[in-house]
Amino acid sequence: MENLLGEHGETLVYGIIGVVVILIICSVCESKWKSMTPEYKTNISKSNGKFISENKDKYPVIEVDEIIYAQYKAENFNCKDFVKAKDCDGKDITDRVIIYGTVDTFKKGIYKVRCVVMDDNQLACTKYINVIVE
């Protein structure tokens, strides 16, 4: 023990002092951090949960299989042919679907594509699909 303290005693003392200083700073600044944090970051789960429960059946819906198979070297493949979208009233809004991502049918593989649709109320639905070229 004397050997340890003799060789590393100064380092241990500075380490302990550092930890104590950090704890003191954290305890002093905790109230300041809470006052600086925007309210939307601290209350997001509460207000977001209420919003979701109130608007549960008001969101648009994208109807598409999670996996789509595309034929290898198919020149006329289009992801939009497999996607349908409806708003909360059941009105067809398929023409508003935006597809992000590309599928190269001349290269075999799995491509992740994101489909997004927004209705008249500015509520959106996002769905991810995998396109398998084989």
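Here is the tour, from the whole chain down to one residue pair.

A word on the ground rules: this is a predicted model, where local features need pLDDT of at least 70 and side-chain atom pairs count only at pLDDT 80 or more, while totals for chains, interfaces and linings use all residues. Residues are numbered from 1 along each chain as its sequence is written, and side-chain values use heavy atoms, with hydrogens and water left out.

Start by colouring by secondary structure. You'll find 3 helices and 6 strands, running α-α-α-β-β-β-β-β-β along the sequence.

Now show the surface. Of the 134 residues, 21% are buried, meaning under 20% relative accessible area.

Next, select the open sheet: 4 strands in the order β2-β6-β5-β4, with mixed pairing. From one strand to the next, the twist averages 30 degrees, using axes fitted to C-alpha atoms and angles from 0 to 180 degrees between N-to-C directions.

Zoom in on β4 and β5 (residues 109–118), which pair in the antiparallel sense over 3 bridges; pairing takes at least two DSSP bridges. Which residue in β5 is the bridge partner of I99? Select C115 and you have it.

Conventions: Helix = DSSP H or I, 4+ residues; strand = E, 2+ residues; numbered from the N terminus. Buried < 20%, exposed > 50% of the residue type's maximum accessible area, 1.4 Å probe, protein only.
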